[in-house]
Amino acid sequence: MKKKRYRTTFSKMAVSFVTFGLIPLLLLSLFFFFRFSRMIRDNMTASYSDMTAYVADNVDSVLSSADEAMAYLYDYQDADGNTLADALIDETLGETDRELAVREALSDILSRSEYISSLRLVDVSGRIYSFFYSQDSTLRSDAAERTTMAIYDEDDDLTAMQLFGTIPEEEICVSSDDYIFSMARNYMDISSIETTCSRRLATLYADIDVDEIEKLIEKSSLNNGRFYVYSLSTSSYIYSDDTEDYLNGSHPLEFCENLFDGSSGFEKVDGQWVFYQKISSVDAYAVLVMANSGIMGAFYQGASILVLIITFACAFLLVLYMMLSIRMSEPTRKLKAAMEEVEQGNLEVRVNLDTRDEMEYVADGFNKMAERLTDYINQVYVAQICQKDAELNALKMQIQPHYLYNSLDVIRMTALDQDDLKTAELLESLAKQLRYVMGSQSDRVYLKDEIEAIREYFVLMKVRYEGRISLVLYLKDEDRMLVIPKLLLQPMVENAVRHGLRDKPGLGAVAIRVERKADHLEIVVMDDGVGMEEDVLERIEDFLKHHQVGAIDSDDPVSIGMKNVYDRIKLNCGEAYGYTIQSKKGMGTVITFTLPIWEELEA
């Protein structure tokens with residue numbers, strides 16, 4: 001074994017002072033002196049430029065998604081192969097049928113972009129059709145006047161998409177306090193080359209909730225500054241952090257509008273930093289405006305921070321020295337406390353020191369002494385007692401079930417001596433059931449053993465219910481040796497008797513049918529009892545499928561056994577297996593098991 005090297009306390013104190021004191025202080029001072037100011041400016045401007053580009057890219061994704069959905073209007077066909085143009089051109093079509101056809105097309109468009117909140121379509125005759133994501137929203141009665149204000153003029157580009165600034169949604173929609181901006185695209189007659197560029201059938205407006213843009217800006221984690229999305233072609237705001245900008249027509253970017261002649265950049269204007277990034281799909285910019293103190297505030301505080309760092313370093317050295325002094329005495333305190341524990345009889349105590357000096361050597365010797373004492377006591381005394389306790393517990397576990405079986409046998413023999421054959425038969429059935437339940441601890445049994453336990457259960461139930469109930473089995477001989485999970489059928493049969501047949505007047509029966517399919521085993525347990533209400537059946541099915549393994553429904557004891565069987569099938573057989581329940585009030589209940597085909601017990 002390699003011998004440990006130890007250092008003196010003095011040498012460790014000296015190394016600690018130099019390593020954690022003088023060297024870090026010198027390095028930190030030099031680093032902040034030469035690098036702090038330039039690092040702040042470069043990092044902050046790069047960070048805010050990236051942030052502005054991030055917002056611009058995401059806004060572009062929103063607009064592109066909506067634009068692609070709107071462009072799909074040319075490819076749209078209903079179930080009969082009719083296009084939107086057919087519905088708009090066909091003069092023989094009734095207004096109700098035309099509106100249904102248009103709304104169906106708008107519904108399809110709306111489903112193709114998660115960002116569109118509503119769609120409006122104005123045909124050349126001035127008819128307005130609308131479809132809203134929210135079922136509670138409806139178009140205002142005076143929407144015709146408000147909507148036609150934004151319809152393209154005949155001189156406008158008939159095919160390009162146009163972007164309109166944000167307005168309160170209440171201008172077009174009833175009972176709304178949201179703000180929206182709109183994208184418009186003319187829908188042309190593409191039946192021929194001439195009409196494609198000259199004949200407009202309608203104008204489609206897609207409204208996007210401005211909250212979609214606000215969510216993107218919130219993801220940028222901007223702590224200070226103001227974001228805008230500004231349309232240069234229409235001189236309107238798509239997004240502003242102040243909603244008043246949408247209402248009073250103010251122009252907060254007027255002081256820097258002349259900057260927006262490139263794709264991106266940043267500039268300091270009138271004491272404010274302006275970062276801008278062009279949105280590629282439209283003539284609009286994402287703009288971030290920040291006060292100079294927001295960017296260079298740290299630069300102005302650089303000298304103060306440097307002084308604070310040096311002060312902190314000196315204070316840290318003082319605290320470190322005190323902590324090291326305390327630590328030097330800590331091993332002695334630990335050894336003293338451990339010795340007191342041993343003195344009280346606790347030989348499990350150990351002292352763990354990693355000081356690499358004389359105290360660690362003493363602690364190792366103490367631990368070895370305690371280990372030798374513990375080993376000696378365990379070998380001579382504790383081990384013998386534990387062995388005897390284990391043997392006694394094992395004997396008790398063997399005696400308990402045998403005592404129960406023997407007691408039942410004594411009672412049964414006494415009944416036979418008194419010529420009480422029925423009682424003897426019942427006791428024998430009970431004993432067989434107990435042996436089945438408490439006997440083998442295996443999770444799987446042969447099907448014949450499970451069926452035999454059910455037969456014995458019915459011996460008791462026939463007496464209990466005076467012969468009103470019976471058991472019917474449909475089981476082929478070659479299937480008797482198939483293997484199933486233990487106690488799979490018994491809880492279901494017991495539920496059928498207690499909750500299905502007990503309250504039924506007259507005769508009743510429980511039938512069990514076993515059928516081997518191509519890839520699974522099917523076992524059906526059915527009764528002709530009182531059945532269940534539909535809401536009760538739905539509650540049981542919900543409890544089985546949507547509650548965690550081992551859950552208990554205290555309000556319904558029927559579900560406890562069913563949940564246990566359901567969970568055991570899933571755990572032992574796999575998620576593909578289980579059972580289904582069918583029940584009709586007054587007719588009975590059918591439970592169908594789907595199980596794997598097992599032909600051998602587990603080793």
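Leaving aside neighbours within four places in sequence, which residues is F260 in contact with? In this predicted model, F260 touches Y230, L232, L253, Y276, Y285 and V287, once those sequence neighbours are set aside.

Let's step back to the core around that residue. F260 is among the residues with the most contacts inside the largest nonpolar core, alongside L63, L121, L253 and V287. Helix 1, spanning residues 9–71, gives the most to this core, with 10 residues.

| Nonpolar core | Size | Residues included |
|---|---|---|
| Largest | 67 residues | L63, L121, L253, F260 and V287 among them |

In helix 12, I454 joins E450, Y457, F458 and M461 in meeting Q490, V493, E494 and V497 of helix 13. Sorted by class, this contact has six nonpolar, one polar and two charged residues. The axes of helix 12 (residues 447–464) and helix 13 (residues 490–501) come within 10 Å and cross at roughly 25 degrees. Because of that angle, helix 12 counts as roughly parallel to helix 13. The crossing is right-handed.

Finally, a look at the whole chain. The secondary structure comes to 15 helices and 17 strands. Of the 603 residues, 39% count as buried. Among contacts between residues at least 6 apart in sequence, 62% join residues at least 24 apart.

Methods. Residues numbered from 1 in each chain as written. Predicted model: local features only at pLDDT ≥ 70, side-chain atom pairs only at ≥ 80, totals over all residues. Heavy atoms only, no water. Axes fitted to C-alpha atoms, helices over the stretch in contact; angles between N-to-C directions. Helix = DSSP H or I, 4+ residues; strand = E, 2+ residues; numbered from the N terminus. Parallel < 35°, antiparallel > 145°, perpendicular 65-115°, else oblique. Left-handed = near helix turned anticlockwise from the far one by under 90°. Contact = heavy atoms within 4.5 Å. Nonpolar A, V, L, I, M, F, W, Y, C, P; charged D, E, K, R; others polar. Core = buried A, V, L, I, M, F, W, Y, C linked by side-chain atoms within 4.5 Å. Buried < 20%, exposed > 50% of the residue type's maximum accessible area, 1.4 Å probe, protein only.
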